[in-house]
Every structure is written in structure tokens, then in C-alpha cells.
Amino acid sequence: MSDRKPSRFPILLNNDTCSLIEAAEDVYQIRFKNRAANAYLVRGKSRTILIDVGLSSNYPALLECLCHVGCPPESVDMVILSHEHLDHIGAAYHFGGRTLIAAHRLAANKIMLRDDFSMLRKMFNEPPVPINVDLWLEEGNLIDLGNFRLNVMYTPGHTSACISLFEQDQGLLFAADTLMPGGVMGGVFGSGSIADYIQSLERLKGLNSRILLSGHGRLSDTPQDDVRIAIQRSHTLLSDTAQLFDALDARSNFEPIMQSVRDLNKLDDG
């Protein structure tokens, strides 16, 4: 029997493909039941945004959830992409042309150039459709929705291009794959770094967050505990990685590298 207390977040819709959960007033988690990341609807007084949108195949479920709370796609002013992985951004092309698409400049560059390796296209088997990014975000940008003010935080580690969004007044932390309930980390991919991950988690630890709205899994009302556990795990991961490299024979691995350098230098001799 689970020791976890019942969730205090009301479930507004639950079917075979998705759940719609109220995280706070005018803030909703759309949680898909396949490999897609969570999407978040934040309905402000002056404008409305979606944070991530899931896979392209999830668009009908996303549409159902939006309409359930009286917010059809044409009411969404901006879609903010937390990073470049297609489980978070695949459905974004459905909003292109009528809705502003925003991402950190590093993610925007990968998305606009259709960097399939970085976007994990083969992993998620997404269609090769263009996703245009209209706004390139940076650390310190402020997204003002009227009754919500979301601060953009550059939080690399999972990839080099990850952002988190923090609403200070209500303590809402949209952490994507940087932090998940129970201190789960989203893994380190391609351009990511364990050291960057630790630094990003330390920044999140310093926030007065009250609700964690992550890229996967449930909503959490214990974000301080979650980030503390994640920092411990990331340090363990860093230590394990160091031991792995120490176990390798450095000299036997170093010589082929030096030979490659010598071969490259010979190209200038002709």
C-alpha cells in the first residue's frame, strides 16, 4: 500500500489518452498517457500560454483538454518550448502561424535547423515537419500574463538548451526535465552536462517554490524536498562517472587520440 498522501490537485478530465489536472487557479496540467511530455496551460488576464505541447500524435487529446476548460487553440497567444526534444515540442507545428512560438536561443537554433539527432526524432518517430520559433528567449526574460509573471531561467544539464519558468508570487516552478517529483532527473543527453545539471538544480533550490510542474509525472507540492534529492543523485552520478573513467586505461586511450592529431597535422605538409 502506498504511503503517498492523496493528491490535492483536482482531476477535471481523465480518459484513455490524457488527464487534465488543475494545478492552481487558471493553471492546468495536461498529462498524456504515452511517452509525450506534460503540457501546461496558463490562462492569464492579458494573455494565455502553453508550456510544451507533447508529441504531434497527442494533438487531438491536447485539443480536447483545451476545449474542456474553454480555451480553444486560437485563444493561446504563445507556446513556450522548454527545450528541443520532440516529446515536448512535436505538436507545436499545429500552432504555427496563429500563435507565437518561443524557446531559448540554443533550442531555437536546433529546432529551426531540424537537428534530428538533438531533437530525438528517431526515438519518437515524429513527422519531419518544420517548427518555426518566433521568439528567442534568454535568461532573465519576463513573460507577463497580467496575473502571472513568469521569469525565464536558463537551466542547462538535461540538454544545453533547457529553460525553467518561475512564477514567484504563487511559487509555481515549471521545471520541464530538469526536476521531477521525487527528485527524479531527466537524464543527460547529447549536449547536456552533469556539472551544468548540478548548478541548475542549485539555482532551483534557492527559489521559494511551492508547486513543481515538471515535464513528466505528477504535480508535486514538495518541490524543496524534490530538488534536495535530485542534487544528491546528481552528485552521485558525477562520482560514478568519474570512477568509470578512472577504470579505463588512460594511456591506451590517449595514444590513438595523439595519432589522430599527428595525422591531421600532416594534412598541412602537402
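Predicted model: local features only at pLDDT ≥ 70, side-chain atom pairs only at ≥ 80, totals over all residues.

Student: How many helices and strands does the protein have?

Tutor: There are 8 helices and 13 strands. Of the 270 residues, 48% count as buried.

Student: And what share of the contacts with a separation of 6 or more comes from residues 24 or more positions apart?

Tutor: Such pairs account for 61% of them.

Student: OK, the open sheet. What's the strand order?

Tutor: It runs β1-β2-β3-β4-β5-β6-β7-β8, with 8 strands and mixed pairing. β1 (11-14) and β8 (135-137) stand at the edges with a single partner strand each, so one side of each has no neighbour in the sheet. On average, neighbouring strands are turned by 20° against each other, direction ignored.

Student: Take β6 and β7. Parallel or antiparallel?

Tutor: Parallel. β6 (residues 78-81) pairs with β7 (residues 100-104) over 4 bridges. M78 stands opposite L100 in β7.

Student: Which helix packs there?

Tutor: α3, residues 105-112. This helix touches β6, β7 and β8, and its direction makes about 115° with that of β7.

Student: Which α3 residues are buried?

Tutor: A107, A108, K110 and I111. Seen down the axis of α3, the buried residues fall within an arc of 165°, so they line one face of the helix.

Student: What covers them?

Tutor: The cover includes β6, α2 (86-89), β7, α4 (116-119) and β8. Just after α3, R114 takes a positive phi of about 55°.

Student: Where does α1 sit?

Tutor: α1 (residues 59-68) lies across β1, β2 (18-24), β3 (27-32), β4 (39-43) and β5 (48-51). The helix runs at about 155° to β3.

Student: Which residues sit on which side?

Tutor: I163, L165 and E167 are on one side, S164 and F166 on the other. Both faces are covered. In a regular strand the side chains alternate between the two faces of the sheet.

Student: Which strands does β11 pair with?

Tutor: β10 (residues 149-154) is one partner, antiparallel, joined by 5 bridges. M153 has S164 of β11 as its bridge partner. β12 (residues 172-176) also pairs with β11 in the antiparallel sense, over 3 bridges. There, E167 stands opposite L172.

Student: What about the turn between β11 and β12?

Tutor: The two strands form a hairpin with 4 residues between them. G171 in that turn has a positive phi of about 70°.

Student: Last one, α6. What's its span from first C-alpha to last?

Tutor: 16 Å, close to the 16 Å expected at 1.5 Å a residue. α6 has 12 residues, 194-205.

Student: Which of those are buried?

Tutor: I194, Y197, I198, S200, L201 and L204.

Methods. Residues numbered from 1 in each chain as written. Heavy atoms only, no water. Buried < 20%, exposed > 50% of the residue type's maximum accessible area, 1.4 Å probe, protein only. Pairing = 2+ DSSP bridges. Axes fitted to C-alpha atoms, helices over the stretch in contact; angles between N-to-C directions. Contact = heavy atoms within 4.5 Å. Arc of directions from axis to C-beta. Expected span 1.5 Å × (residues − 1).
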